[in-house]
2 protein chains.
Amino acid sequence: MKLFTKVAIVGTGLIGGSIGLSIKKIGLARQVVGVSRHKESLFIAKKMRAIDAGSQSLEIIKGADLLLLATPVELISKLALQISKLVSKDCLVSDVGSTKQEITSGLDKIFPNFVGAHPMAGSEKRGIANASADLFNGSLCIITPTKKTNKAALGQLKLFWRELGARVVLLDPQSHDKILGFTSHLPHAAAFALMNTLPRQFMKFSAGGLRDMTRIAASDSRLWSGIFLSNRKNILPAIALLQKNLSALVSAVKNKDRKLLGEILKQAKIKRGSLIGTQKSLVF
Amino acid sequence: MKLFTKVAIVGTGLIGGSIGLSIKKIGLARQVVGVSRHKESLFIAKKMRAIDAGSQSLEIIKGADLLLLATPVELISKLALQISKLVSKDCLVSDVGSTKQEITSGLDKIFPNFVGAHPMAGSEKRGIANASADLFNGSLCIITPTKKTNKAALGQLKLFWRELGARVVLLDPQSHDKILGFTSHLPHAAAFALMNTLPRQFMKFSAGGLRDMTRIAASDSRLWSGIFLSNRKNILPAIALLQKNLSALVSAVKNKDRKLLGEILKQAKIKRGSLIGTQKSLVF
């Protein structure tokens, strides 16, 4: 099904590249074009057939009926004004940023058909070389409409992500940032801090637990600086609560309070036990 | 190669059961007997052929030339005196506890041939039902001799773990507990605290990052209460350092210091990048 005539992807990295591959695989658009600051990225994207044509200049996006902003979060708002001069008012505009409040409040004013989205399908890997046509299959895509959102545009974007295999769920941008502050940004903050806490010479005496826990500490530092700064309002109280829970554990150990300590750990264990089921519980 | 005539395993859970299965698979002993408080565990252990015979009473260990204590850490020291009355002075005695200082200082006094060990091959799963003959294949086993350790006993235990496929490394008990406080106990503490920080109703909006980071929060709460209390001395300063690193991240975000924040995250990313290689770097 050809949902679109020309899809333009700005930022042909892991997410942008995977979107291109998926669109081409399913045949959702007649043409996919890509924009990147990096020649190399465009070269690989073309070679992988994630895009039909690529350019370092934004001019190539002209005539798109779907424009996807897939750059690091801090660039999305920066590029918006320039992009608005190149696409028609009818163009459906969306993004894939990990924070939504800052982006949607800015882009809502610039594009008549903007709908924010956050496909939760990244990993600590990045770049077009890691892109895959199946990245979104079975993944969660949070779409964040506001009062200003055009209902037809929202419907089209939902359809688009469902065609890519994602389970679509709607949240307002404020709730998105609050929730993701806990479920995504906080774990990343904890992983970065944990990694910085480990004496390098001790690292060889470790096993799978440490490996799994710090996997996301290998995430891109620039990308994540942008996410933390953009979601300052929510990540700071989330970290404060983590500090409080670490202190509760410290107290119980200091006081040799085996009963309290056991209860703290058991509470965590029970909650973790329900995580996998909970992740699959969203019904659409 | 029959290294032993009769191996007695006290505690037929994940680790004890896997040791039994490995011994039987390789044919390292003529007989393997198991002790557990749980009838069910003994029944499964026998059915899986992890042990030839099992009992809820310690009497069954009589005549063993290798005795392995594979109970939660706080029980190891408690059972030692009773066990010492049942095994001969020549019996090689070892354990699989995750902390070593408390255990070795106690058991060194009780058994002439005690050598502490910590096979780093557990997981968040527990119990005989999860045991596997290949659990130790390629894993790290830290053996912790002291000044009192009999050299012949040490040699025998090294040989034993190598036969089970483990890469054996020696550390004194103090260093073991300090290092593992950072590389194993701290990640567990962080995972438990992180899990307790997450509002339950937010959990469904999460993905692989959170799943991997909190896997070890599903670890047994009693087992880990014992480990934290036994390694109080080292886990407390390790948690304090994690708190400090979280606070550094908080400051950078509060001050919108993109440069400092980027450096903090990059440092973590680079260190994590070397983790996998470092884990494999121990040469024996």
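I began with chain B, where an open sheet of eight strands runs in the order β3-β2-β1-β4-β5-β6-β7-β8 with mixed pairing. I took two strands as paired if DSSP finds at least two bridges between them. Helices (H or I, at least four residues) and strands (E, at least two) are DSSP runs numbered from the N terminus. I noted that this is a predicted model, in which local features need pLDDT of at least 70, side-chain atom pairs count only at pLDDT 80 or more, and totals for chains, interfaces and linings use all residues. Residues are numbered from 1 along each chain as its sequence is written, while chains are lettered from A and ligands numbered from 1 in the order in which they are written.

**Sheet of chain B**

I looked up the edges of this sheet: β3 (53-55) and β8 (167-170) of chain B each have a single partner strand, so one side of each is left without a neighbour in the sheet. The twist averages 25 degrees from one strand to the next; axes are lines fitted to C-alpha atoms, for helices over the stretch in contact, and angles run from 0 to 180 degrees between N-to-C directions.

I then examined one pair, β5 (residues 92-95) and β6 (residues 114-120) of chain B, which are parallel and share two bridges. Ser94(B) lies opposite Val115(B) of β6(B). Helix α4 (residues 101-110) of chain B packs on the sheet and touches β5, β6 and β7 (140-144) of chain B. Contact between two residues requires their C-beta atoms, placed from the backbone, to lie within 7 Å. The direction of α4 makes about 150 degrees with that of β6(B).

**Sheet of chain A**

In chain A I found an open sheet of eight strands, ordered β3-β2-β1-β4-β5-β6-β7-β8, with mixed pairing. Its edge strands are β3 (53-55) and β8 (167-170) of chain A, each pairing on one side only. Here I looked up β6 (residues 114-120) and β7 (residues 140-144) of chain A, which run antiparallel and are joined by five bridges. Met120(A) stands opposite Leu140(A) in β7(A).

**Chain A as a whole**

I recorded 11 helices and eight strands for chain A. Its radius of gyration is 21 Å, close to the 19 Å from the globule rule for 284 residues, so chain A is as compact as a globular protein of that length. The radius is taken over C-alpha atoms, and the rule is 2.2 Å times the number of residues to the power 0.38. The C-alpha trace of chain A spans about 70 × 45 × 30 Å along its principal axes.

**Domains of chain A**

The domain assignment, automatic or from a database, gives domain 1 (4-171) and domain 2 (176-279) of chain A. I noted 30 Å between their centres, taken over C-alpha atoms. Their contact takes 14 residues from domain 1 and 15 residues from domain 2 of chain A. On the side of domain 1, the elements giving two or more residues are α3 (73-84), α4 and β7 of chain A.

**Relation and contact of the chains**

I looked up how the copies are related: a rotation of 180 degrees with 0.0 Å of shift along its axis superposes chain A on chain B (RMSD 0.0 Å). This is the relation of a two-fold axis. The superposition is by least squares on the C-alpha atoms of residues with pLDDT of at least 70 in both copies. The C-alpha of Met213(A) is the nearest to the axis in chain A, at 2.1 Å.

The contact takes 78 residues from chain A and 78 residues from chain B. On the side of chain A, α6 (173-197) is among the elements that give two or more residues, and α6(A) gives the most, with 17 residues. I noted that 99% of the contact residues of chain A recur in chain B.
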